[in-house]
Amino acid sequence: MAIARAKASEQTCSPLLSAEQSRKSLLQSANAEHQSTLGQFLSPLPVAKFMASLFAPYGDKVKLLDPGAGVGALTAAFVEEMCSRKKHPRSIEVIAYEIDPQLQSSLEQTLMECNRRCRELGVEFSSTIVLGDFIESMVARTKYQLFDSDAPGFTHVIMNPPYKKINIGSATRKHLSSVGIETSNLYTAFMLLSANALIDGGHFVSITPRSFCNGPYFKTFRKAFLRSMHLDRLHVFESRKDAFADDSVLQENIIVYATKSGGRRDRVAISTSSSANDLKGTSRVVPYEAVVSPNDPDLFIHIAMNEESDAVAERIEQLPASLNETGLSVSTGRVVDFRAREFLKEAPSETTVPLLYPCNISSSGIAWPKDKTKKPQAISLCDGTSKLLIKAGCYVLVKRFTTKEEKRRIVAAVLHADALGCEAIGIENHLNYYHCQGDPLDKDLAYGLSAYLNTVTVDSFFRQFNGHTQVNATDLRKLKYPTRDRLVAIGGRVRRLKEIDLVATEAIVGEELNWH
């Protein structure tokens, strides 16, 4: 673990300009494989400036932590922001961690420009670059108190951490577990360790994927983070491509501004913008419980962008039934194709049964067998596949993944396996399917459920807490549903339609559930 101090330089320019020039230069010569290995995405100048602007006024002495500092864009933006305020701090101390030695010289240059900018205003500035693994260093600090135990913690954190999964059994996973942190991605590990290093009342700003807002994988993280941090503002981008357009990041990103506090205020600001180059966007303030419900044991983070989104949430929350109360279950398809490769067939035959992939599903129905697809359309019916198949009958299928081009996040369709003339069927692992404790559904129930899931209301509500294209069975279990009888009533009306389409079914659901 190398520690470097920034040195003086004769070359001068704006700290932000210095960082942005370094970022663009690195993008032109970037090694995609190297970046992917580190989960590295450098912060564009507009995003960095916006993040720094979120910090509330603070006292005279500032101690900033920038984990995964890159070329120093976020630190530069922070220093520029602090120095441009009417009341600026008397001193700024920066600790910048960076694991990539290729970025050291650029980071040093940025910090030297920060030093020069502070000197112009008589602000005392010092910086330390820690070249090495942030997680390893912070875990050591937590366990063995390698730093002076009397030294103050950080007053501020600004971060764009690496986006990469942590493998089970890896050294990183073991390091984190040793201090009681269980998480599956580097960015959430960085968030927790940084939050833990803040003093009470300290301020935290990060830009990360939005995926931590929901799902079972991040439940432990949400509980730990929200236990000590109060969400003050959440900012989301309307397009997954905008925050890091130069790096081709397709995950939906969120900027979090939070304060280290055991107490809870009652409001949260939510803002959105169309792109990183236009960050004014829209903003609103909502009750804290509208974002994190005190009655939700999983602590999903809901982000309603406007009053229309509030109405959507209210519609869903007022529904009377959980999935269990309807007598239904949802599971993930049993066929993992690379594990069952020997049983997969391109086309159906007398010794096979249908195999359904997401390409076979649309909100208008099931297309099987599907022409012009590389996916096998059948699976052998034999002893080797008996545990992979479900009995023929009526089910509702939901895609687990949608492409960025698809307008809807939730795409459901009714499957008539019995109408396909088979005794069993295979559901591939990228599909979820609804059933009655393992048995098929009644047709009216299936049509009613599919119509409900395909509504704009359900899709919009799902997007409030789900920032990626994956629809897990866990997410579907957490939804509220109409009663079973009401679903049957909806399905009966839908089946009587001469032609089933989303507009017609949406109208029926709205009438039956009094949504109009």
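In this predicted model, pLDDT (the predictor's confidence in each residue, from 0 to 100) stays under 50 over residues 7-12. That stretch has eight contacts beyond four places in sequence, where a contact means heavy atoms within 4.5 Å. Over residues 243-250 the pLDDT is also below 50, and the model gives this stretch 27 contacts beyond near neighbours in sequence. Where pLDDT is low, the predicted coordinates should not be read in detail.

**How to read the model**
- Residues are numbered from 1 along each chain as its sequence is written, and side-chain values use heavy atoms, with hydrogens and water left out.
- As this is a predicted model, local features need pLDDT of at least 70 and side-chain atom pairs count only at pLDDT 80 or more, while totals for chains, interfaces and linings use all residues.
- The protein averages a pLDDT of 85, and 84% of the residues score at least 70.

**The overall picture**
- You can find 16 helices and 21 strands here; these are DSSP runs numbered from the N terminus, with helices being H or I of at least four residues and strands being E of at least two.
- Of the 516 residues, 54% count as buried, meaning under 20% relative accessible area, with exposed over 50% and partly exposed in between (1.4 Å probe, protein chains only).
- Among contacts with a separation of 6 or more, 78% come from residues 24 or more positions apart.

**Two nonpolar cores**
- A nonpolar core is a set of buried Ala, Val, Leu, Ile, Met, Phe, Trp, Tyr and Cys residues joined through side-chain atoms within 4.5 Å.
- The largest core has 82 residues, of which Phe212, Phe225 and Leu231 touch the most other members.
- A second, separate core holds 40 residues, including Leu319, Val330, Ile410 and Leu476.
- Beyond its neighbours within four places in sequence, phenylalanine 225 is in contact with Met191, Leu192, Ala195, Phe204, Leu231 and Ala258.

**Aromatic rings**
- The structure holds 14 aromatic pairs: rings of Phe, Tyr and Trp (its six-membered ring) pair if their centres lie within 6.5 Å, and planes under 30 degrees apart count as stacked, over 60 as edge-to-face and the rest as tilted.
- Phenylalanine 55 and tyrosine 257 make an edge-to-face pair, 6.1 Å centre to centre with 70° between the planes.
- This pair links distant parts of the chain, 202 residues apart: phenylalanine 55 is in the loop between helix 3 (45-53) and strand 2 (61-66), and tyrosine 257 is in strand 8 (residues 253-260).
- Both phenylalanine 55 and tyrosine 257 are buried.
- Tyrosine 452 and tryptophan 515 have ring centres 6.4 Å apart and planes at 45°, so their pair is tilted.
- Tyrosine 452 belongs to helix 12 (residues 443-453), and tryptophan 515 to the segment after helix 16 (502-512), 63 residues apart.
- Ring pairs also join Tyr163, Tyr187, Phe204, Phe212, Phe218, Phe221 and Phe225 into a cluster.

- In helix 3, Val47, Ala48, Phe50, Met51 and Ala52 are buried.
- Those buried residues of helix 3 pack against helix 4 (73-84), strand 5 (154-159), strand 6 (198-209), strand 7 (229-237) and strand 8.
- Helix 13 (residues 456-465) is largely enclosed by the rest of the structure, because seven of its ten residues are buried.
- The cover over the buried residues of helix 13 includes helix 11 (307-317), helix 12, helix 14 (473-478) and helix 16.
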